[in-house]
Each structure stands twice: as structure tokens, then as C-alpha cells.
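Hello,

I am passing a structure on to you, and it is shown just below.

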Amino acid sequence: MNGSTVSEFIFRGISCSHPTRLLLFIPVLVCYTTIMFGNLLIVVTVNTEPRLHQSPMYFFLASLSVIDAALGCVATPKMMADLMTCDRTISFGGCMAQFFFLHFLGGSEMLLLTLMAYDRYVAICQPLTYMATMNRPRCVRLLASCWVGGFIHSATQLVLVLRLPFCGPNELDSFYCDVPQLVRLACANAYVTELLMVANSGLLSLVSFLILLVSYGVIIATVKGHFKERGGKALSTCSSHLMVVSLFFVPCLFVYLIPFSSSRVDKMASIFYTAVTPALNPIIYTLRNHEMKEAMGRLKNKCIFSHSCLKGEQN
């Protein structure tokens, strides 16, 4: 730990006032339940519906739901436990693990959203070669590259943090462990680490976001004159993707591009990034996607039919 004497950290982002904790616990619980149920429902629906399972777009959507479900489990359960008990401490090892998985999953999702934009670009701008270009082996390789990229990004961040000595104080002005808060507690000059962190997380977020905006701009320009044929459906799909991209990247830009401000906006952006966005993603994709709603309806009918058959056999 490079001379570190701190064995645990304390989260100051969570109030110990009972009414405040109760007021915060309910929406956090709702978000966590939505994260787990909504994303699991998308994964099950895609994998039980053959037509969706063979589609590259829904293959990536199911993968996004897996990442969102995992991302929702990194910081939210600990936050709910802290709100219930007011035990706001976390061990040094637990903090580093939370920090690693937050960036591993967040980095993987960032790259996956960029990949999904590329998938929509090929589907809409090169429809005749789409299935040949986005065949399943290639999709698997592209998805694996997103996970590898997320791992490299997170491992780099972790190495930078572990090189810093922590000898007190040990209070984090947040509700989970992340680079901006940890760097403030280092008892050494961390200016170089700050710059490297901005280059790693902040610029990665900004560049990926700009690439996504350009990609969807090209898509919209391509389908602008074809609303009656396929433009309406294409724009509906792209609008869902753009909403998810904005919900994910805008908080990241607040947190990592200007990471060392003490603004309350940064704290709200962190909450949005870790708890709200993973809960909103499945809602956006299901409410704005006619194929997903139909597939979920068929899945529901199958479950009801199976349940009725089981009851009939028991009687």
C-alpha cells in the first residue's frame, strides 16, 4: 500500500439523521429493485425469443443489461446497508475492490455503448451487408474487446491509486469509493495522478461521447429523407440509444472531466451514474421498443400457460 496506514474509510456522503436516511432508502431501494428486475427481464426475454437472440442489436442489448445489473450491485447494496444501520465504514481492501469493479463495468459499458452505435450505423447505412458484417462470431469478439478495454482502464486506475500513500484523514465525501475522493486523501503530492486520471477517465468519456454523437448524427442524416420506408423505426431506435448514452455519459463528464471540484452537482451526478442510470436503461428500452414489448408479452403468456399446466397436473 506504499506506506499507507489507513485501514478503513468513512463515507461522509450519507447522513446519519434517521428521517433523512429513511427518505433516501426508499428511492434507492426502488432503483435497485428496478435495476435487478428490469435488466434480468431483458436478458431472459432476449435469450428465450429466437428472433431477438439472433439479432446483433438485441445481443448487445442483453449484454448491456448484464453490465447494468452488475454495475448496480457495486455501490448500491452497500449504500442501502449504510442507510439502514448508519455504519458508514468500508475496509481499505473493500474500497479498492469497489473502485476497481466500478471502473471495470463502467469502462466496459462506455465501450459497449460505442459499439452499439456502430451496430446501428451499419444496420441503417449499410443494410445489405449488415448481417454479414455483424455476424455472431464478430459480435462476440467485439463484445470481448469491450470487456478487455474496461479491464485495462480499471487496472490502470487501480495501479495509480495504490501507488498513493494514505495516512489520514480517512473520510470520503461520497457514498462509494472513486478516484476523485481518494486522491484528495493522499498524504503526498498527487498532481500527476490527477492529470493521469483526467486523461484516462475524463478524456475517454469525452472522446467516446463525441464519437457517439457524430455516429448518430450520420445515421439521422442518412434516414432523414426516408421516414415512410424505414426512417421512423430507425429514428425511434436511435432516440432510445441516445437517451441511454446521454444518461450515462453526461454524469461521467461531470464526475471525471472536472473531477476535483467539491460541487454538490458532482455528488448528484455520482448518484445518477451508479443508481439511477442502470435503473432507467431497461425502462427506456422496453417502453420505446415495440419488438421488446411484444416479446415480453409472449414470455408472460408462456409463464401463465406453464403455471396453468402445472396446476392442472397437480389437481
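Let me start with Cys 125, which counts as partly exposed at 24% relative accessibility. The terms work like this: buried means under 20% relative accessible area, exposed over 50%, and partly exposed in between (1.4 Å probe, protein chains only). Cys 73 is also partly exposed, with a relative accessible area of 33%.

Before going on, please note that this is a predicted model, in which local features need pLDDT of at least 70 and side-chain atom pairs count only at pLDDT 80 or more, while totals for chains, interfaces and linings use all residues. Residues are numbered from 1 along each chain as its sequence is written, and side-chain values use heavy atoms, leaving out hydrogens and water.

How many disulfides are there? Taking a disulfide as a pair of cysteine sulfur atoms within 2.5 Å, the count is two.

One joins Cys 95 and Cys 177, with the sulfur atoms 2.0 Å apart. It links distant parts of the chain, 82 residues apart: Cys 95 sits in helix H4 (residues 92-125), and Cys 177 in the loop between strand E3 (171-172) and helix H7 (179-185). Helices (H or I, at least four residues) and strands (E, at least two) are DSSP runs, numbered from the N terminus. The torsion about the S-S bond of Cys 95 and Cys 177 is about -125°, so this disulfide is left-handed. Both Cys 95 and Cys 177 are buried.

Cys 167 and Cys 187 form a disulfide too, their sulfur atoms being 2.1 Å apart. Cys 167 is partly exposed at 41% relative accessible area, and Cys 187 is partly exposed at 35%.

Best wishes
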